[in-house]
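Subject: Structure handover

Hello,

Here is the structure you asked to look over. Please open it before reading the notes.

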Amino acid sequence: MIKNLTIGLCGLPNSGKSTFLKLVTNIDNAIAPHMFSTLESKEGIAFVCSQNLRSLHTLTKTEKLVMPYLKFIDVPGLIQGAHQGQGLGNEFLSYLRGCKAIFLIARNFFDIQVPSVNIVIDPLNDIITILTEIIFADKAIIDKSINKLLKEHNKDNKKIIEILGELAQELDMAVEHLSNNNLDKVNFLQFSRFNDVLKDFNLLVTKKWFLLINGLKYDLSLLENLFIKTYNLDLKWELDLLQENGDVDNINKFLYDLALSLELIEFFTFNNLITQGWFTAKNSMIADILPMIHSDFVKSFKIAEVVSLDDFLRCGSWEACRQEKVIRLKGRNSFVENNDIIFIKI
Ligand SMILES: Nc1nc2c(ncn2[C@@H]2O[C@H](COP(=O)(O)OP(=O)(O)OP(=O)(O)O)[C@@H](O)[C@H]2O)c(=O)[nH]1
Ligand SMILES: [Mg+2]
């Protein structure tokens, strides 16, 4: 089941976070060429129309098409020294702590109208600043937690104190490498291995980190061990294009790719009125998706009839799928696969 799928936006002021939220969600958002134009957190829903959902809809031709979505949260920009109270961003890190993944937006555009924190536009430098601040903020939590646990004099705490200590040491090393520009030595992605055992501490470094370079093309090869996936878009250009001709193809492709990188899969349902796409975590079982579709299904479920999208598109109708014997029956404990079309029988 998908729990807590919000993706947090993180970056220096004027890097394009609010522009990104506007682009993917089309909600009114404070976008302005001055720093700290975002003063509070803001959530937005980005609907994702995959090519697969569109193909299915061309066959079902239902009046309604309902798309799955990703949720984003925009917060004020972080600046260097945030962990010591500089700027606004640090106060908002708690919003990012509630997210499953973080999207770091780094600026790679020059625009005299849009001041930047540093005089030279250098995404690498911005990434180093942000990651360093994130590490400092987490280190503060780790140090406090270790002290608190030590004071409890409980031998059951020994293991967790050790793990926190191990991570703290690795974070110290990472800060040193970052300050020396030795990005290839910072295995930021590795911190996610602590995610399960340290989940109660809501650390940021253990989350899934993604990067978006906003603006000109940038060589991303240096950043492979820092982020699960890196993207390069010109957000303003994309937003202008969207507002001019309403073309959402590029954005949809990007969002769908992001969903798969977040280890989601898409499945479909349809009836006479509605064709719907849904995201669920990879390795979800039929039992996990029942309450998403209808709370009544949890009790009344008998069996699921399942056809792959490819088979459905080839056969052309559910009836034809039946004749071709491509309908599979799945019980509660069967896995849902990407692009399954599912009919729940009650
Ligand atoms: N030239 C250019 N301008 C951009 C681009 N992306 C964003 N901008 C502009 O940069 C300014 C700041 O963008 P925002 O999206 O508000 O930046 P932010 O990261 O939310 O900023 P804060 O909320 O202050 O942290 C706006 O005037 C945008 O129109 C881009 O790719 N190129
Ligand atoms: Mg903003």
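The notes below run from overall form to single residues.

This is a predicted model: local features need pLDDT of at least 70, side-chain atom pairs count only at pLDDT 80 or more, and totals for chains, interfaces and linings use all residues. Residues are numbered from 1 along each chain as its sequence is written, while chains are lettered from A and ligands numbered from 1 in the order in which they are written.

Overall form

The protein has 11 helices and 12 strands. These are DSSP runs, numbered from the N terminus: H or I with at least four residues for helices, E with at least two for strands. The C-alpha trace spans about 65 × 60 × 35 Å along its principal axes. The radius of gyration, taken over C-alpha atoms, is 23 Å. A compact globule of 346 residues would be near 20 Å, which agrees; that rule is 2.2 Å times the number of residues to the power 0.38.

Two domains are assigned: domain 1 (6-48 + 67-261) and domain 2 (283-345). The bounds come from an automatic or database domain assignment. Their centres, over C-alpha atoms, are 37 Å apart.

Contacts means C-beta atoms, placed from the backbone, within 7 Å. Of the contacts with a separation of 6 or more, 66% join residues 24 or more positions apart.

Burial and core

Of the 346 residues, 36% count as buried. The cut-offs count other C-beta atoms within 10 Å of a residue's own, all placed from the backbone: 20 or more is buried, 12 or fewer is exposed, and in between is partly exposed.

The largest nonpolar core has 82 residues. Such a core is a set of buried Ala, Val, Leu, Ile, Met, Phe, Trp, Tyr and Cys residues joined through C-beta atoms within 7 Å. L9, I102, F103, L104, L255 and A259 have the most contacts inside it. Helix α4 (residues 123-151) gives the most to this core, with 8 residues. Domain 1 and domain 2 both give residues to this core, so it lies between them.

I102 touches G8, C10, L96, L204, K207 and W209, not counting residues up to four places away in sequence.

Ligand 1

There are 25 residues around ligand 1, and S18, T19, T38, G77 and K236 come nearest. A residue is near if its C-beta atom, placed from the backbone, lies within 6 Å. The shell divides into 10 nonpolar, 11 polar and 4 charged residues. Here Ala, Val, Leu, Ile, Met, Phe, Trp, Tyr, Cys and Pro count as nonpolar, Asp, Glu, Lys and Arg as charged, and the others, Gly among them, as polar. α1 (17-25), β6 (208-215) and α6 (235-245) each supply at least two shell residues. α1 gives the most, with 3.

Single residues

Most residues other than glycine have a negative phi. N14 lies in the loop between β1 (6-10) and α1. N14 is buried, with 22 other C-beta atoms within 10 Å. E263 sits in the loop between α7 (249-261) and β8 (264-270). E263 is partly exposed, with a count of 13.

S55 is in helix α2 (residues 51-60) and is partly exposed, with 14 other C-beta atoms within 10 Å. S55 and L313 are 258 residues apart in sequence, yet 7.9 Å apart in space, C-alpha to C-alpha.

Best wishes

Note on methods:
Two residues are in contact if their C-beta atoms, placed from the backbone, lie within 7 Å.
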